[in-house]
Each structure stands twice: as structure tokens, then as C-alpha cells.
Amino acid sequence: MIAELGLAVLWMAAALAVLQLVAGALSLRPATAHLAGVVRPVAILQGVLVACAFAALIWLFLSTDLSVKLVAENSHSAKPFIFKLAGTWGNHEGSMLMWVTIMSLAGGFVALIEKRLPENTLIATLAGQAFVSLGFYAFLLLASNPFERLPEAAPEGAGLNPLLQDIGLAFHPPTLYVGYVGLSIAFSFAVGALVTRDVGPAFARAMRPWVLGAWIFLTLGITAGSYWAYYTLGWGGWWFWDPVENASLMPWLAATALLHSCSVLAARNALRTWTVMLGVVAFSMSMVGTFLVRSGILTSVHAFAVDPTRGSFILALLAIYIGGALLLFGLRASTVTEGARFAVLSRESSLVFNNVMLCGILGIVLVGTLYPLLTEAMGVKVSVGPPYFNPVSAVFAIPMMMVMAVGPVLRWREDKGGRITWQVAVPALVSAVALLAVELLFAPNLLPALGLALAPGLAVASVQPLVGRNLRRTPLPIYGMVIGHLGIAVALFGMASEGAFSTERLAAMNPGDSQQVGPFKVALQDIGPVAGPNWTALEATVSASYAGGEPTVLHPQARTFANPPGNRTESALLTRWNGQLYAVLGEEGDDGRWQMRFWWKPFVPMIWYGGALVALGGLLALLGRVARDVKRLVAIDKIAYRRERQGR
């Protein structure tokens with residue numbers, strides 16, 4: 001009954017999306033302008049209905065209704081509660097329903113609270129959002145029905161992929177999807193502004209909170225996904241340049257550029273064309289990522305195994321949405337005026353430069369991700385990995401960070417070099433001293449050395465906008481910018497330290513044997529069986545002593561799952577202020593010794609601390625912007641009320 005109700009509600013939501021699109025499009029004509037009053041309530045009701053459909057699917061998973069095909073294929077009665085819940089979106093159909101749910105709820109919130117845009121632009125935006133949603137409704141209802149029943153209930157479920165049976169599944173996909181789908185709002189805003197030829201500061205101020213919100217969740221999703229892969233896969237790395245990892249990075253790069261363009265357009269009425277184009281590009285990258293993950297054209301631990309037919313459906317949606325938006329942009333680009341001019345030395349110029357660098361990195365990642373797929377289609381297998389991505393992206397990333405250190409202290413429109421001499425000199429001196437010290441003491445490879453030198457200079461530069469300010473009266477967006485840039489410096493230091501100073505030890509050990517791993521002495525004490533709620537494991541007991549101190553006990557595991565059958569390594573981590581010891585249990589050799597793998601990774605947690613700081617900075621900026629907009633709207637309402645009373 002719940003499955004049928006969920007499917008019926010989903011069909012109703014799709015019908016409302018059709019109504020929202022048709023009414024929105026017709027209301028732009030003078031003869032049918034009265035239909036505009038239908039669009040807002042329909043958008044809100046659509047969001048409520050699709051949320052009910054998603055709640056129905058959650059209930060089916062929590063109750064382990066094995067008469068539903070999706071539950072039988074992706075769940076099991078013995079799974080812990082959290083994995084039953086996360087299993088709702090740990091599969092293709094469920095994750096797509098989550099996608100549509102977030103998209104429709106976002107559209108409903110726009111209809112409910114957005115008051116800054118002219119009414120015709122808002123209606124065009126909501127019509128654009130309905131148009132995007134319709135394709136995904138069609139995909140779900142015609143090709144990927146999450147509520148499909150089995151002819152006969154399965155005696156037991158197949159379970160969830162062992163790699164996905166981790167707490168990370170409860171947090172990583174939802175945060176990432178909010179980011180992905182949030183960019184659909186930016187796309188709809190761009191389409192709406194092009195339709196009504198209303199690209200200006202008001203449009204940017206209305207779109208900026210939605211872009212910022214999507215960017216925050218993308219940042220959190222990428223950071224959480226990186227750490228999840230780091231401790232779950234057992235290979236000791238935090239980023240592999242996997243195609244699906246890249247699929248989340250590309251929209252983040254575009255969203256970062258879009259966020260800066262929105263700020264320039266909102267503050268200085270410049271970069272109009274940039275802002276609209278980046279709104280299209282950011283959502284395009286989300287669609288490209290969706291196609292890569294769900295088309296079945298690549299093999300990845302992150303990808304959903306989906307048949308090529310459904311992949312073709314997504315490719316068709318990508319062509320319709322992105323091709324249509326680019327066509328509209330081409331037809332209306334001449335109507336988007338240039339906007340206010342600015343000097344070469346100005347904050348606008350620094351943001352434009354960094355946008356160009358971000359787009360350069362985006363192009364590099366896109367080419368490196370798609371090139372192996374193209375060559376494989378021609379019968380030639382090519383591997384593209386860190387030897388390509390790291391140095392080529394650094395060509396753009398290093399100048400970008402140098403300009404990022406200076407940009408926040410520049411004035412809008414025009415500035416003079418003499419005014420910012422010390423703001424440039426202090427971070428440059430810090431970086432120069434750091435580079436000299438690193439080369440003299442450690443002599444690492446070039447890229448880690450540059451990262452270790454740039455990070456402290458960027459950290460100093462990031463707090464310079466606070467110098468000379470009254471900290472109690474400093475707006476929240478300024479604090480957000482400072483903390484966000486500081487987070488980039490912290491993450492960069494962690495990345496560079498991991499690349500420069502990591503120590504790895506692969507050893508065959510018997511109980512009682514010990515190894516030296518960096519400053520740690522590790523000893524294998526015992527290996528024995530343990531059991532979990534839905535798995536069994538061999539667990540090693542390892543003692544680790546830092547620089548001769550008191551030992552700490554670690555328990556790396558090799559887990560075995562029965563439903564579905566599979567194995568997973570469970571690494572053990574020992575975190576100190578200056579780094580992390582990483583231990584993995586391997587297989588037993590023919591001689592009875594156990595393969596053990598250890599890493600000492602100095603300052604590696606700073607990668608994820610930095611990511612959290614970046615997201616925190618975005619959150620503070622968002623709260624500050626929203627509070628400012630609320631005050632402005634309240635003031636406008638008061639003025640209107642006073643005028644109305646005076647008129648009486």
C-alpha cells in the first residue's frame with residue numbers, strides 16, 4: 001500500500017510540474033498574465049508531494065518491505081538501522097528520487113520566500129525549474145521506478161554493497177546532492193533572467209544565497225567523501241583523481257567562480273555575461289557528473305552500475321538542458337549589457353583573474369576525466385591520474401592563490417599599488433622564509449615545497465581584511481571570507497605535508513614483531529576473530545608508541561559480509577596534533593606471517609579541518625547576507641506601509 005501511494009504521489013508531483021511549466025510560460029504573455037498567480041502555490045505543493053513520496057520510500061526501507069524490488073536488491077533485515085535508512089539513497093533509483101525531492105523542495109522554497117526579483121523574472125525562473133524537474137520525473141517514472149513491486153516478496157534481501165555500509169553513506173550523498181541540485185536553482189535563475197532580459201544586481205542578489213548554500217553543501221560533501229574514501233578503501237590516500245571524485249569537483253570549481261561573479265554583479269553591476277554563463281556551466285557540470293556516475297561507461301567504487309539505456313536517457317536530458325540553455329544564451333547574449341567598467345588593479349580584476357584560473361582547472365579536470373573514456377571507445381585504454389592532474393592544475397592553482405592573497409584588500413573599481421604595499425609584502429615575506437626553511441631542512445619535491453611555502457603566506461593574507469577594523473561591527477560576510485580563505489590555507493598545508501613527509505611501511509609480521517614507522521614504533525600483538533551486527537572479521541591488535549611514549553592500541557580489521565558477499569578493510573587511525581598513523585590488516589601469507597601496512601602522515605587531518613573551515617566561512621557569509629536582505633525587505637515594507645497610511 002505504501003509503495004502504491006508513493007508512486008501515485010510521485011505522478012501527481014510530476015503533473016504539477018507540467019502545470020507549473022505551462023502556467024509559467026503562458027503568464028509571460030500579456031493575454032494570459034493572470035496565470036502567474038498559479039505558479040507559486042503549485043511549486044510549493046509539488047515540493048510537498050515529492051517529499052511525501054521520498055518519505056514513503058524511506059519507510060519501505062526502514063520496514064524492510066521485501067515485496068518492493070528496490071528494497072529486496074539493496075537491503076537486508078539484519079542490517080543496522082542507520083544502514084537501512086542510508087540504503088534508501090545508496091542505490092540508483094533511491095538516489096534519483098532524493099535528487100528530485102531536493103530539486104522540488106528547493107523550487108518550493110524559492111516560490112515561498114523569494115521577494116527580491118521582479119515578478120515576471122521569478123515566474124520565468126520557476127518555469128525553468130519545472131522544466132528541469134520534468135526530465136527527472138520522466139526518468140524516474142518511465143525508466144527507474146523506485147516503487148516497483150516484485151511478483152512475489154523475496155524471502156530475504158540481497159543487502160547493501162559492503163563498501164557502502166559505513167556511516168559516511170548517511171552524510172556524504174545527501175550533502176553532495178543538496179549541492180548538485182542547488183546549482184539547478186542557479187541554472188533556473190540564469191534562464192529566467194535571460195528570458196526576461198533582466199540581468200542586473202537584483203538578479204545577482206537574489207541568486208547569490210542559493211549559490212552560496214549549494215557551494216557550502218558541495219564543500220561539505222566533497223570533504224566528507226574524501227575522508228570516507230581515505231579511511232574505508234584502505235589505500236591510505238585522500239584523493240585519487242577518480243572520475244567520480246572529479247564529477248563532484250567540477251561543479252564545485254564552477255560554483256566557486258559563479259559565487260565570486262555574483263558578488264561582483266551584486267556589488268558593482270559588472271560581469272553580467274560571466275555570471276549568466278557560469279550559472280549554466282555550474283549546473284552543466286552537475287549533469288555531466290550525473291551522466292558519468294549513472295551511465296555505466298566507467299568503473300569506479302563510487303559509480304552506480306546502471307544499464308546504458310538509462311545512461312542514454314540522462315545524456316538526452318543533458319543535451320536538452322544544456323543545449324537549450326546555451327541556445328537561449330546565444331540568442332539573448334546581445335541583450336546582456338557589459339555593465340560597469342573597472343581598472344586593472346581592482347578587486348573586480350582579481351576576482352576575474354581567479355575565475356579564469358578556476359575555469360582553467362575545470363577544463364583540465366574535464367579533459368582528464370573524459371579523455372580516457374574517448375580513447376577507450378576507440379579501442380585504446382589510457383590511464384590519466386596524478387602525474388597529469390597535479391602539475392597541470394598547479395599551473396593555474398598557484399597563481400590563483402597568489403592573487404587570492406591580495407584580492408580581498410583591494411578596493412572596488414580602482415586601486416593604487418602604493419596603498420597595499422605592506423599587505424603584499426608581509427605574506428610574500430612569510431612565504432619566502434617558509435620556502436627557504438623547507439628547502440634547507442627537508443628538500444621535498446617541487447609541488448609539496450610550493451604548497452608548504454604558499455600556505456603560511458596565504459594564512460597571513462587571509463586575516464589581513466580584519467586589520468584596522470572594529471571587530472564587533474565587522475559584517476558576518478567579511479568574517480566568512482576570512483575564515484573561508486584561511487580554510488584554503490589550512491587544507492593546502494595538509495595536502496602539501498602529506499605529499500612531502502608521508503612515510504609508508506609494508507611488512508610481513510608475526511605476533512610479537514615490531515616495525516618503525518616515522519616516529520612510531522608499532523608492534524603486532526595478536527590477531528583474532530570478532531563479529532559485528534551483520535559481519536564477521538579478523539581483527540589485529542597493534543600497539544603504537546610515539547617517540548618512546550606510552551603505547552596506544554589500534555584494531556584494524558578485515559571484514560567479511562554475507563549479504564551480499566564481500567570483503568572490506570577497516571583501517572585503524574591514531575590521530576595526534578601533528579599527524580595521523582594509519583594501519584591496515586592484509587592477508588596471511590604462505591609462511592604464516594600477516595601482511596601489515598602502515599603510514600605516518602604528518603598534518604594530514606588539516607586537509608579536512610581546512611574543508612570544514614571553508615564550509616564554515618560560507619555559512620557565516622550566507623547568514624550575514626540573509627540577515628542583511630531581511631533587514632532591507634523589512635525596511636521596504638515599513639516605507640510602503642507609511643506611504644499607504646499617509647495616502648489615507
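β6 and β7 form a hairpin with 2 residues between them, and that's our way into this structure. Strands here are DSSP runs of E, at least two residues long, while helices are runs of H or I with at least four residues, and both are numbered from the N terminus. Keep in mind that this is a predicted model, where local features need pLDDT of at least 70 and side-chain atom pairs count only at pLDDT 80 or more, while totals for chains, interfaces and linings use all residues. Residues are numbered from 1 along each chain as its sequence is written, and side-chain values use heavy atoms, leaving out hydrogens and water.

**Around β6**

- β6 covers residues 557-562, and strand β7 covers residues 565-570.
- The two run antiparallel and are joined by 6 bridges; strands count as paired if DSSP finds at least two bridges between them.
- Look for Ala-562 and you'll find its bridge partner in β7, Pro-565.
- β6 also pairs with strand β4 (residues 535-546), again in the antiparallel sense, over 5 bridges.
- On that side, Trp-535 has Phe-561 in β6 as its bridge partner.
- In a regular strand, side chains alternate between the two faces of the sheet.
- You can see the two faces in β6: Gln-557, Arg-559 and Phe-561 make up the covered one, and Ala-558, Thr-560 and Ala-562 the uncovered one.

**The four-stranded open sheet**

- Next up is an open sheet of 4 strands, in the order β1-β10-β9-β8, with antiparallel pairing.
- β1 (503-509) and β8 (572-576) are the edge strands with a single partner each, so one side of each has no neighbour in the sheet.
- On average, neighbouring strands of this sheet are turned by 15° against each other, direction ignored; axes are lines fitted to C-alpha atoms (for helices, over the stretch in contact), and angles between N-to-C directions run from 0 to 180 degrees.
- Helix α8 (residues 201-232) lies across β8, β9 (579-588) and β10, at about 45° to β9.

**Helices**

- How far apart are the end C-alpha atoms of helix α1? They are 37 Å apart, which agrees with the 38 Å that its 26 residues (2-27) should span at 1.5 Å a residue; the expected span is 1.5 Å times one less than the number of residues.
- Among the buried residues of α1 are Val-9, Leu-10, Ala-13, Leu-16, Ala-17 and Gln-20. Buried means under 20% relative accessible area, exposed means over 50%, and partly exposed is in between (1.4 Å probe, protein chains only).
- An α-helix has 3.6 residues a turn, so residues three or four places apart point the same way.
- The buried residues of α1 pack against α2 (36-62), α5 (92-113) and α6 (119-143).
- The axes of α5 and helix α7 (residues 168-196) come within 9 Å and cross at roughly 45°.
- That makes α5 oblique to α7; under 35 degrees is roughly parallel, over 145 roughly antiparallel, 65 to 115 roughly perpendicular, and the rest oblique.
- Where α5 and α7 meet, the residues include Trp-99 and Met-103 from α5, and Tyr-177 and Phe-189 from α7.

- His-485 is in helix α16. Is it buried or exposed? His-485 is buried, with a relative accessible area of 15%.
- Leaving aside neighbours within four places in sequence, His-485 touches Met-404, Pro-408, Leu-458 and Ser-462.
- Asn-269 is in the loop between α9 (243-268) and α10 (272-294), and counts as partly exposed at 23% relative accessibility.
- Phi of Asn-269 is near 55°, a positive value in a residue other than glycine.
- Ala-443, in the loop between α14 (421-441) and α15 (446-463), has a positive phi too, near 50°.
- Val-463, in helix α15, is partly exposed at 36%.

Definitions and conventions:
Contact means heavy atoms within 4.5 Å.
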